[in-house]
Amino acid sequence: ERQLSTRQPTRSQRRLCRVAAQLAGLTSLVLTKLDGHGPARSWARTARLAADEAGDPAVRAWVEAQEAYALFYGGGSAGAAVEVAQLAQRLSRGPSVGAALAAALEARAHGVMGHRDDVYRALHRANDALSHLHGVSHSASAFGYNEAQLKFHEGNALTHLGEVDAA
């Protein structure tokens, strides 16, 4: 708060906004997992505002992926989750944690709706994005994404399609 209340160089302001976006996105994720879907969506909106101020496409994509997560688990329509997940992928402007997670969530939402071809297209994009992640981006954390996380999402999407052997 003290840092935000004083004038900071632009670079510092962007870094602070990036951290604020990540913290708000993480709060949204935690609330989603605790079935606090309304507050989770509110925190996702806060994260989006901070990510916009940060001007970082990868963070913005990650934030949108968190909102897609909240929509998917929060009783929102699967179609809305697909739209937000696709937005996250477009905002990423290339492979990123947000793009990989969003594509996997898109696959799950398509699976719920029974859209087989869309599931496989989204899983292909998730695998492609994951193959380009390195370092901390390729880790099992809220800010990273790895093969185990993708396999969970893939298995869930395929199970929704009734393809349990493939899952």
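## The second largest pocket

The second largest pocket is lined by 14 residues. Nearest its centre lie Lys33, Tyr69, Leu101, Gln149 and His153. The model is a predicted one.

About 200 Å³ of space lies in the second largest pocket. Four helices, α2, α4, α6 and α8 (147-160), each supply at least two residues of its lining. By class, that lining has eight nonpolar, five polar and one charged residues.

## The largest pocket

The largest pocket holds about 240 Å³ of space. Its lining includes Arg18, Gln22, Ala58, Val59, Trp62 and Ser96. Val97, Gly98, Leu133, Val136, Ser137 and Phe143 also line the largest pocket.

The elements giving two or more residues to this lining are α2 (10-33), α4 (57-73) and α6. The biggest share comes from α4, which gives three residues. By class, the lining of the largest pocket divides into seven nonpolar, four polar and one charged.

## Helices α2 and α3

The axes of α2 and α3 (residues 37-54) come within 7 Å. They cross at roughly 165°. That angle makes α2 roughly antiparallel to α3. The crossing of α2 and α3 is left-handed.

On the α2 side, the contact is made by Arg14, Cys17, Arg18, Ala20, Ala21, Ala24, Gly25, Thr27, Ser28, Leu31 and Thr32. On the α3 side, His37, Pro39, Ala40, Trp43, Ala44, Thr46, Ala47, Ala50, Ala51, Glu53 and Ala54 take part. The residues of this contact divide into 13 nonpolar, six polar and three charged. Arg18 of α2 touches on two topics here: it belongs to the contact with α3, and it lines the largest pocket.

## Helices α5 and α6

Helix α5 spans residues 78-92, and helix α6 spans residues 97-113. Their axes come within 8 Å and cross at roughly 155°. Angles over 145 degrees count as roughly antiparallel, and α5 and α6 are therefore roughly antiparallel to each other. The crossing of α5 and α6 is left-handed.

From α5, the contact uses Ala78, Gly79, Ala81, Val82, Ala85, Gln86, Ala88, Gln89 and Ser92. From α6, it uses Ala99, Ala102, Ala103, Glu106, Ala109, His110, Val112 and Met113. By class, the contact of α5 with α6 has 11 nonpolar, five polar and one charged residues.

## Helices α6 and α7

Helix α7 covers residues 116-131. The axes of α6 and α7 come within 8 Å, with a crossing angle of roughly 165°. The two helices are therefore roughly antiparallel to each other. α6 passes α7 in a left-handed crossing.

Which residues make the contact between α6 and α7? The α6 residues are Ala99, Ala100, Ala103, Ala104, Glu106, Ala107, His110 and Gly111. The α7 residues are Asp118, Val119, Ala122, Leu123, Arg125, Ala126, Ala129 and Leu130. This contact divides into 11 nonpolar, two polar and three charged residues.

## The place of α6

Notes
Residues numbered from 1 in each chain as written. Predicted model: local features only at pLDDT ≥ 70, side-chain atom pairs only at ≥ 80, totals over all residues. Heavy atoms only, no water. Axes fitted to C-alpha atoms, helices over the stretch in contact; angles between N-to-C directions. Parallel < 35°, antiparallel > 145°, perpendicular 65-115°, else oblique. Left-handed = near helix turned anticlockwise from the far one by under 90°. Contact = heavy atoms within 4.5 Å. Nonpolar A, V, L, I, M, F, W, Y, C, P; charged D, E, K, R; others polar. 1 Å grid on protein atoms, 1.4 Å probe; cavity = no way out; pocket = protein on both sides within 12 Å on 5 of 7 lines; lining within 4 Å. Points joined across faces, edges and corners; volume = space filled by probe spheres on them.
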